[in-house]
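I opened my notebook to look up a few spots in this structure. Here is what I wrote down.

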Amino acid sequence: MTDKLNELTAAGVAVWLDDLSRVRLSSGGLDQLRREKHVAGVTTNPTIFAKALSDADEYNWQLHDLATRGVEVEESVRMLTTYDVRWACDVMRPSYDGSDGVDGRVSIEVDPRSAHDADKTVAEAKALWWLVDRPNLYIKIPATEEGLSAITDTLAEGISVNVTLIFGLDRYSAVMEAFLAGLERAKANGHDLSKIGSVASFFVSRVDSEVDKRLEKIGSDQAKALRGKAAVANAQLAYERYSEVFSSDRWKALAAAGAHPQRPLWASTSTKNPDYRDVIYVEELIAPGTVNTMPESVIHAYADHGETRGDTVTGAYDAARKVFADLESVGVDMADVIATLEREGVEKFEASWQELLDGVRKSLEAAAKGKGAPNKAAKGNAKSAEKAGGA
């Protein structure tokens, strides 16, 4: 059988997993995906962790220890999540070493409630970098206006960054500017640029969800004909901007000092509309030097029936611009779409973070009362702590 994920990788797309849990780690599932499905990186977010901690009892032993020590809820969340990310970094280390530090990365997000507080974001980025203590870590920072300076300041400290929640082209350009400025400062600060990595997470399917909703409301045949086209066009035009920035003299000077480019990472690539092909946001966004982070279901779907047709991005710029012009002609305000998605993106992660805090608080209370004593998996997980660096 044809190895479709290998074909995708050969076309320049790094396959990353958009999920993490302790069950996935302890079962060897993540390592299996790395070895068998060409998974070369992992992304997480507050929603993923909230689900992981609510679904599994493999956290019980650590929750018991945290409760026994009287650790506060927010610090407990950091201990639980950094434990998993540290472990995942170790699992992905062969990909990191084999790609000279480009792939094999695992992301952990700063508290999304700090998305509009640059100083707090940088402080938390430093703390998470220290806690995980792995070279193949990415600190995820939301691309809010306030987050832009935090991106630069964090990179300047020699800390690798995954910039998240990018929806619009102008904000993406600002993110690349923040990246370049951060590397220039990192170089001035004496950091080895070859050790600093970054990706820019450009969200895809949520754009179609919001635009399609507006097209349905407009209701004309011309409007309905544009459904399912905005997200891919938006990402294709983002890649055009990426190509321009990373062929500039300014970038070449950094590359000469050992820097790696900030790759576009296509995020939110599961299809929300069942009428669309389930791998559309993979097949239509194949271009050299990109990352596509997918839920496991999409990874398996692509392995089964994905089609790698070469570069599907760089020849599509004019068609993408026409999609934008057509959207404007039927009355879709893309600037408002992007503003709405950014606001909702931060709000959704804040809500998931609160869900995570509430879940851990209840678990700690139960553990303190003796209802969450270490389960039968505790011994095995405790051994795993040695590799993951401990709680």
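I started with the contacts of E283. Leaving out residues up to four places away in sequence, I found that E283 touches R277, Y302, H305, G306, E307, R309 and T312. I kept in mind that this is a predicted model. E283 sits in helix α15, residues 280-283. Is E283 buried or exposed? Its relative accessibility is 3%, and buried means under 20%, so E283 counts as buried. I also checked E283 against A174. They lie 109 residues apart in sequence, and their C-alpha atoms are 27 Å apart in space.

Next I looked at a helix pair. I described it by two values, because packed helices are described by the angle and the distance between their axes. I took helix α6 (residues 73-91) and helix α8 (residues 118-132). Their axes come within 9 Å and cross at roughly 55°. α6 and α8 are therefore oblique to each other. I noted the crossing as right-handed. Which residues make the contact? From α6 they are R78, M79, T82, V85, R86 and C89. From α8 they are E124, L128, L131 and V132. Sorted by class, the contact has 6 nonpolar, 1 polar and 3 charged residues.

Last, I turned to the strands. Strand β1 (residues 13-17) and strand β2 (residues 39-42) run parallel, joined by 2 bridges. V15 stands opposite V39 in β2. I then followed β2 to strand β3 (residues 105-109). These two strands also run parallel, with 2 bridges between them. What is the bridge partner of G41 in β3? I found R105 there.

Key: Residues are numbered from 1 along each chain as its sequence is written. This is a predicted model: local features need pLDDT of at least 70, side-chain atom pairs count only at pLDDT 80 or more; totals for chains, interfaces and linings use all residues. Side-chain values use heavy atoms; hydrogens and water are left out. Axes are lines fitted to C-alpha atoms, for helices over the stretch in contact, and angles run from 0 to 180 degrees between N-to-C directions. Helices (H or I, at least four residues) and strands (E, at least two) are DSSP runs, numbered from the N terminus. Angles under 35 degrees count as roughly parallel, over 145 as roughly antiparallel, 65 to 115 as roughly perpendicular and the rest as oblique. A crossing is left-handed if the near helix is turned anticlockwise from the far one by less than a right angle, and right-handed if clockwise. Contact means heavy atoms within 4.5 Å. Ala, Val, Leu, Ile, Met, Phe, Trp, Tyr, Cys and Pro count as nonpolar, Asp, Glu, Lys and Arg as charged, and the others, Gly among them, as polar. Two strands pair if DSSP finds at least two bridges between them. Buried means under 20% relative accessible area, exposed over 50%, partly exposed in between (1.4 Å probe, protein chains only).
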